[in-house]
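Here is a briefing on pockets and what lines them.

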Amino acid sequence: MEVLYKDSEKQIGQFVADDFRTAAVFSNYGIDFCCKGDRTLGDVCKKKGIETTEVLDKLNAVLNSKTGQSIDYKSWPLDLLADYIEKKHHRYVEEKIPVLLQFLNKLCSVHGERHPELFKINEEFTACANALTSHMKKEELVLFPFVKRMVKAKLDNEAIQSPQFGTVESPIAMMMQEHDTEGERFRKIAELTNNYNPPADGCNTYQVTFAMLDEFEKDLHLHIHLENNILFPEAIKLEKRLS
């Protein structure tokens with residue numbers, strides 16, 4: 001039997017960092033666990049008019065479930081976690097963007113007259129695609145290499161040279177701000193797509209595109225969660241220990 005969740009003052013992101021299966025509970029209540037994971041459960045429930053005990057009961061049901069055990073990302077070395085994010089989530093984004101842009105352009109040309117919201121969806125996703133492409137390169141070329149150098153310095157018991165950006169908190173603050181922007185952008189896309197439910201006259205491409213957008217958002221939530229709630233705070237702690 002797992003230890004039960006009882007603390008309403010625990011941050012949303014920490015629940016998910018401890019056991020990613022809890023993300024499904026927060027998603028069902030429309031609670032953002034990635035970009036806005038620094039809010040306490042009590043504060044979020046009060047704002048949304050939800051009984052805190054009800055949410056805690058659902059979290060505990062997940063915690064004690066024997067199926068779908070969560071991957072313990074918190075136990076991973078930071079260099080492994082950075083590699084995993086890059087190889088799994090960055091590659092996913094790179095692979096899906098051109099396909100989704102092609103499908104959205106097609107939908108606009110075929111269905112745009114009857115469904116003008118498609119043009120706005122296309123505009124929002126195109127902006128997201130451009131921003132994420134730039135964002136991921138900054139992580140791959142600047143932030144992640146420094147995290148890996150810190151891990152190596154700790155293992156070798158060596159000092160690490162201060163980076164040009166000062167402290168790791170500087171690029172992390174920028175990355176988190178960009179995460180907030182893309183999280184908000186996808187909330188607009190979810191609203192414009194009626195939570196990814198195509199209209200009655202939607203063709204197969206319509207249905208596939210909306211399903212892909214839904215999957216893309218779910219992957220982005222996990223991607224941002226791993227960075228905001230695990231990699232970034234642990235990188236800040238490691239830098240402070242090294243200094």
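Which helices each supply at least two residues of the lining of the largest pocket? They are α2 (22-28), α3 (41-48), α7 (169-192) and α8 (204-242). This is a predicted model: local features need pLDDT of at least 70, side-chain atom pairs count only at pLDDT 80 or more, and totals for chains, interfaces and linings use all residues. Residues are numbered from 1 along each chain as its sequence is written, and side-chain values use heavy atoms, without hydrogens and water.

**Largest pocket**
- The largest pocket holds about 730 Å³ of space (the space filled by probe spheres set on grid points joined across faces, edges and corners).
- Its lining counts 24 residues, and S27, G30, I31, E217 and H221 lie nearest the centre.
- A pocket here is an open set of points on a 1 Å grid over the protein atoms alone, where a 1.4 Å probe fits, with protein on both sides within 12 Å along at least five of seven lines; lining residues have an atom within 4 Å of a point.
- α2 contributes the most to this lining, with 5 residues (helices are DSSP runs of H or I, at least four residues, numbered from the N terminus).
- By class, the lining has 9 nonpolar, 5 polar and 10 charged residues (nonpolar: Ala, Val, Leu, Ile, Met, Phe, Trp, Tyr, Cys and Pro; charged: Asp, Glu, Lys and Arg; polar: the others, Gly among them).

**Second largest pocket**
- The second largest pocket has a volume of about 300 Å³.
- Its lining has 18 residues, with Q11, Q14, N228, N229 and P233 nearest the centre.
- α1 (12-18), α7 and α8 give two or more residues each to this lining.
- The largest share, 6 residues, comes from α8.
- The lining divides into 6 nonpolar, 6 polar and 6 charged residues.
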